[in-house]
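Colleague: I have the model open and want to learn how to read its packing. Can we take it feature by feature?

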Amino acid sequence: MKRIIVAGIGPGSAEDITPAVIDAVKKSDIVVGYKYYFQFIEPYLSEGCQCIDSGMKKERERAEQAFVYAEKGLTVTVISSGDSGIYGMAPLIYEMKEERGSDVDIVTLPGISAFQKAASLLGAPIGHDLCLISLSDLMTPWERIEKRIRAAAIGDFVTAVYNPKSHGRFWQLYRLVEVFLKEGRSPKTPVGYVRQAGRSEQTVVLTTLGELDPEQVDMFTILIIGNSQTYIRKDKIITPRGYYRDGQETATKPGQQIMIESFRTIAGELQKQDWPLGHKWALLHAIHTTADFEMEQILYTDPNAVETLYEAVAAGKLKTIVTDVTMVASGIRKGALARLGLEAKCYLSDSRVPEMATSLGITRTQAGIRLAVEEHPDALFAFGNAPTALMELCDLIRKKKACPTGIIAAPVGFVHVKESKHQVKVFKDIPKIIVEGRKGGSNLAATLCNAILCYDDASQLKPGRDL
């Protein structure tokens, strides 16, 4: 029978060659391949089997030789490292069959690919959607390769990189890293690379996208770049598929599940992925409430503001949240307030406010803040409507009549709004969250309060506990 068997012999270790490939090699009259790979199948060659070898970049010549022998009625096995269909000989053999009009039968036997072997050594980095990209531009224009790199980065694919570097191709891996970072992949994204996977010279390295040194990589290396969910645990890289997460979520309410999925969607679409956790948590809440991704540019938080304010709540030092209008207080989750022993107060409806406002010639919200400061000078103050109320608090702080534990500054509008936010920024020792510019609103101020109260859920990206 005229037959060519195209076989993947795995990455290089005897235990990674499949029984089907070993059986094919044993039954072959001719084995054709790159000469370096014969050392891996030599123990399985039958007596009298002829090995036809050649050097690098001689793929077409090897294929032609395989057809010459197969068309004489001999059984020929063409070997490729890894899997013969992944950057291997299989496509060329099928194309040449059409070119020659040959009646030779072709059988393809799969092998363990280098990226699979590398992944097993790294842990479980390819647990979700992935793509393979070769950086060799010998037969593919670099412009097309770069489009594929960009698509992988934008699509948040786990990405295995073949042919990352050689003596003549020294810059392509640098460019891949640049594109991934430019398209929003975090510098902290786990990266693993394995050199000579499955062979005696094997080395395994874990790093991150930001710390990756392309000079440590060569043509015998496979890289695997994680996605936005990939993490390193001890000495292994893991990309979760979602089973454990889904098991946890069965206990959540439908509204919380929707909120969790919304947060994941928002997190995946952020332009910058490596925001500090506290800022990111507040940002996700702000975007979820407004569907406005401009929040990524205009939401300001002092360093560790969210963390510091949550710690004050958890330690029992912060007991009161004062709001400028009742809508803000209404939006703070009652379950969170009860769970943490907090009170949210708005003085706007206090019976003393109208007379104070009239007699002093100030707004009712200003009057409410004056009363609040008298009774709760160290509260967390949250503003979602009235810039005059925020300016009043700033004046009271300067007069040392108020010492807030924190300030959320999100008044909205066109008059005095920007100025009020500029004023509050000068208080360096008070943790602040500010929605800069004209934007803001009671819903924003409330959701930023909620972000603080559930900050301990931030690392798991699991909002909505108190819905």
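Colleague: Which hand does the crossing of α17 and α18 have?

Modeller: The rule first: a crossing is left-handed if the near helix is turned anticlockwise from the far one by less than a right angle, and right-handed if clockwise. Here α17 and α18 cross in the left-handed sense. This is a predicted model, where local features need pLDDT of at least 70, side-chain atom pairs count only at pLDDT 80 or more, and totals for chains, interfaces and linings use all residues. Residues are numbered from 1 along each chain as its sequence is written, and side-chain values use heavy atoms, with hydrogens and water left out.

Colleague: At what angle do the axes of α17 and α18 cross?

Modeller: Two packed helices are described by the angle between their axes and the distance between the axes. Helix α17 (residues 387-398) and helix α18 (residues 417-424) cross at roughly 25°, and their axes come within 9 Å. That makes the two helices, α17 and α18, roughly parallel. Angles under 35 degrees count as roughly parallel, over 145 as roughly antiparallel, 65 to 115 as roughly perpendicular and the rest as oblique. Axes are lines fitted to C-alpha atoms, for helices over the stretch in contact, and angles run from 0 to 180 degrees between N-to-C directions. Helices (H or I, at least four residues) and strands (E, at least two) are DSSP runs, numbered from the N terminus.

Colleague: Which residues of α17 and α18 meet?

Modeller: Contact means heavy atoms within 4.5 Å. From α17 come P387, L390, M391 and C394; from α18 come V417, S420, K421, Q423 and V424.

Colleague: How do helix α15 and helix α16 pack?

Modeller: Helix α15 (residues 353-360) packs against helix α16 (residues 364-375) at about 110°, with the axes 8 Å apart. So α15 is roughly perpendicular to α16. Their crossing is right-handed. V353, M356, A357 and L360 of α15 meet residues of α16, including A367 and L371.

Colleague: Now a sheet. In what order do the five strands lie?

Modeller: Strands of a sheet pair through backbone hydrogen bonds, either parallel or antiparallel. Two strands pair if DSSP finds at least two bridges between them. This open sheet runs β7-β8-β11-β9-β10, with mixed pairing. β7 (130-134) and β10 (203-208) are at the edges with a single partner strand each, so one side of each has no neighbour in the sheet. On average, neighbouring strands are turned by 20° against each other, direction ignored. Strand β9 (residues 190-195) runs antiparallel to β10, joined by six bridges. One of the pairs is G192 with L206 in β10.

Colleague: Which sides of strand β18 are covered?

Modeller: In a regular strand the side chains alternate between the two faces of the sheet. Both faces of β18 (residues 406-409) are covered: G406 and I408 are buried on one side, I407 and A409 on the other. Buried means under 20% relative accessible area, exposed over 50%, partly exposed in between (1.4 Å probe, protein chains only). Strand β17 (residues 380-383) pairs with β18 in the parallel sense over four bridges. L380 has G406 as its bridge partner in β18.

Colleague: Is S186 buried or exposed?

Modeller: S186 counts as buried, because its relative accessibility is 13%. S186 lies in the loop between α7 (172-182) and β9. Leaving out residues up to four places away in sequence, S186 touches L181, L209, Q273 and D274.
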